[in-house]
Amino acid sequence: MPTKKIAVIGGGTMGSGISLTAATNGIHAVVVDVNEVQLSKAKMYHEKQCARAVLKERMTQEESDVAVSKLSYVSSMQEAEGVDWAIEAATENVAIKKKLFIQMQDTFEDSVVLATNTSSISITDLASAVPEAEHRVIGMHFFNPVPVMKLVEVIKGKKTSEETTAATIALSESMGKIPVPANDFAGFVSNRVLMPMINEAFHAWSDGVAEPEDIDSIMKLGCAFPMGPLRLADYIGLDVCRDIMMVMYEGLNQNEKYLPNEKLVALVEAGNLGDKSGQGVFNYEKG
Ligand code: 3HC
């Protein structure tokens, strides 16, 4: 049976994007976040994007109103009633995610798939937090900005059932995405390839190979990247990049090639996280 109503756990950038994409494709989405500020930011983002879609003639006013009506915002999982799917999109931290998985298992019906948008953490490890529901746990990794990026990286854990996998592929397609499988290694495929490239751009900057603007221009003009690697790091969040590198370092035999660059770590420790804090490698305070 097609998925009709999903709970999106976390109203940050990824959670907002996933819920918007569901709603614009006819699926009800309930955003769950304990942080009221985050919830109202998610709502503002949804309304702005729907209004923009009308302005750009990608949607009629009526379609936009329907999409907005399919979105709701609550501060606890218990308030997300009647969902047939849950996707966790919280901070990239194993302990936090495991706690949320236990709550998801306790709250939602036994038939509900428990998906995670983790960008790097082992699905099998996360599933071990909910032994009775392991067959319903799966990685459903979206990309930022979710409404624009076509991919969903689909990662099965050791005990994920074929039924859960098939349903994940079906839901991804009904959200207008292209699901592609990857195996359950730290960082999967996307971040195993992307993050060392971003980290290497920091090494090139640290070694004085070029200034950040020039590193990015070289990669944009020479490799047709839509954003240079340092601009992309700010866009993703420098803290997220550091955390993903650390998950890969720990999860891939503590191979030193996955250690985050010192400049990257220093920026994070100084609170310069990229777009979201107004300062990262580049400054965004003046937009
Ligand atoms: N939400 C919805 N739509 C958005 C958006 C957002 N946050 N940001 C941009 N868009 C839409 C715009 O509305 C616009 O569509 P329109 O012209 O029809 O209105 C379209 O995208 C293009 O946007 P802009 O004209 O503002 O800007 P650009 O042409 O420069 O594109 C970009 C912006 C799509 C972000 C492009 O620069 C890009 O593709 N960058 C690379 C992004 C990327 O690599 N993402 C993956 C990150 S890795 C990840 O997410 C995995 C994680 O695990 C780390």
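In the predicted model, strand E7, which spans residues 151-156, is joined to strand E8 by five bridges. The two strands run parallel. Within this pair, Val 154 of E7 stands opposite Pro 181 of E8.

Strands E7 and E8 belong to an open sheet of eight strands. The order of the strands across the sheet is E3-E2-E1-E4-E5-E6-E7-E8, and the pairing is mixed. The edges are formed by strand E3 (71-74) and strand E8 (178-182), each of which pairs on one side only. From one strand to the next, the twist averages 25°.

Two features of the backbone occur in loops. The peptide bond from Asn 144 to Pro 145 is cis, and its omega is near 0°. Pro 145 is located in the loop that links strand E6 (137-141) to E7. Glu 57, a residue other than glycine, has a positive phi, near 60°. The loop that holds Glu 57 is the one between H2 and helix H3 (61-69).

The ligand is surrounded by 20 residues, of which Tyr 45, Arg 52, Arg 58, His 141 and Asn 144 are the closest. By class, the shell around the ligand consists of 12 nonpolar, five polar and three charged residues.

For Lys 56, a polar side-chain atom is found 3.3 Å from a ligand oxygen atom. In the side chain of Asn 191, an N or O atom is 3.0 Å from an oxygen atom of the ligand. On its own, the ligand has 1000 Å² of accessible area, and the protein covers 67% of this area.

The elements that contribute two or more residues to the shell are helix H2 (36-55), helix H7 (190-206) and helix H9 (229-236).

Notes:
Residues numbered from 1 in each chain as written. Predicted model: local features only at pLDDT ≥ 70, side-chain atom pairs only at ≥ 80, totals over all residues. Heavy atoms only, no water. Near = heavy atom within 4 Å. Polar contact = N/O pair within 3.5 Å; in protein donor to acceptor, adjacent residues only side chain to side chain. Areas by Shrake-Rupley, 256 points an atom, 1.4 Å probe, with all protein chains shown as cover. Helix = DSSP H or I, 4+ residues; strand = E, 2+ residues; numbered from the N terminus. Nonpolar A, V, L, I, M, F, W, Y, C, P; charged D, E, K, R; others polar. Pairing = 2+ DSSP bridges. Axes fitted to C-alpha atoms, helices over the stretch in contact; angles between N-to-C directions.
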